[in-house]
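Subject: Structure for you to look at

Dear colleague,

Please find the structure we spoke of below, together with its sequence.

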Amino acid sequence: MAVSREEVMEKVREHLASELEVPVGDISGSTRFREDLDADSLDLYELVMELEDTYGIKVSEEEASRIETVDNAVDFVAAQIPA
């Protein structure tokens with residue numbers, strides 16, 4: 001399943017906007033989950049589950065703990081998906 005980085009970015013932004021009730025326009029690559037979006041660990045867990053389900057990938061707790069920005073999440077997913 002070839003997916004572009006832009007498609008992953010759009011999916012992450014849409015999920016966060018819906019989950020956290022913030023405008024999609026307020027979410028960019030450099031947006032930090034905790035500091036900028038006030039996301040808690042449950043919010044981040046739900047995002048990870050969504051990405052796993054959508055893209056058929058696995059994210060370990062250690063990997064998830066290193067994902068702090070939208071770009072981190074998108075880059076991680078893009079690296080897991082076969083080209």
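To begin with the helices, α1 passes α3 in a right-handed crossing. Please bear in mind throughout that this is a predicted model, and that the values below are computed from it.

The two helices in that crossing are α1, which covers residues 5-20, and α3, which covers residues 41-55, and they pack at an angle of about 140° with their axes 11 Å apart. Because of that angle, α1 is oblique to α3. On the side of α1, the contact is made by E7, V8, K11, V12, H15, L16, E19 and L20, and these meet D43, E46, L47, E50, L51, T54 and Y55 of α3. Sorted by class, the contact of α1 with α3 has seven nonpolar, two polar and six charged residues.

Helix α1 also packs against α5, which covers residues 70-80, and here the axes of α1 and α5 come within 9 Å and cross at roughly 130°. The pair α1 and α5 is therefore oblique as well, and α1 passes α5 in a right-handed crossing. The residues that α1 brings to this contact are R5, V8, M9, V12 and L16, while α5 brings V70, D71, V74, D75 and V77. By class, the contact of α1 with α5 has seven nonpolar, no polar and three charged residues. If you compare the two lists, you will find V8, V12 and L16 of α1 in the contact with α3 and again in the contact with α5.

The largest pocket holds about 260 Å³ of space, and 14 residues line it, with R34, L44, A64, S65 and I67 lying nearest its centre. The elements that give two or more residues to this lining are α2 (33-37), α3 and α4 (61-65), and the largest share, six residues, comes from α3. In terms of class, the lining of the largest pocket has nine nonpolar, two polar and three charged residues.

How many cavities of 30 Å³ or more does the structure hold? There is one cavity of that size, and about 40 Å³ of space lies in the largest cavity. Its lining is made up of V48, L51, I57, V59, I67, A73, F76 and V77, which by class are eight nonpolar, no polar and no charged residues. Both α3 and α5 supply at least two residues of this lining, and α5 gives the most, with three.

With best wishes

Terms used: Residues are numbered from 1 along each chain as its sequence is written. This is a predicted model: local features need pLDDT of at least 70, side-chain atom pairs count only at pLDDT 80 or more; totals for chains, interfaces and linings use all residues. Side-chain values use heavy atoms; hydrogens and water are left out. Axes are lines fitted to C-alpha atoms, for helices over the stretch in contact, and angles run from 0 to 180 degrees between N-to-C directions. Helices (H or I, at least four residues) and strands (E, at least two) are DSSP runs, numbered from the N terminus. Angles under 35 degrees count as roughly parallel, over 145 as roughly antiparallel, 65 to 115 as roughly perpendicular and the rest as oblique. A crossing is left-handed if the near helix is turned anticlockwise from the far one by less than a right angle, and right-handed if clockwise. Contact means heavy atoms within 4.5 Å. Ala, Val, Leu, Ile, Met, Phe, Trp, Tyr, Cys and Pro count as nonpolar, Asp, Glu, Lys and Arg as charged, and the others, Gly among them, as polar. On a 1 Å grid over the protein atoms alone, a cavity is a set of points where a 1.4 Å probe fits but cannot get out, and a pocket is an open set with protein on both sides within 12 Å along at least five of seven lines; lining residues have an atom within 4 Å of a point. Grid points are joined across faces, edges and corners, and a volume is the space filled by probe spheres set on the points.
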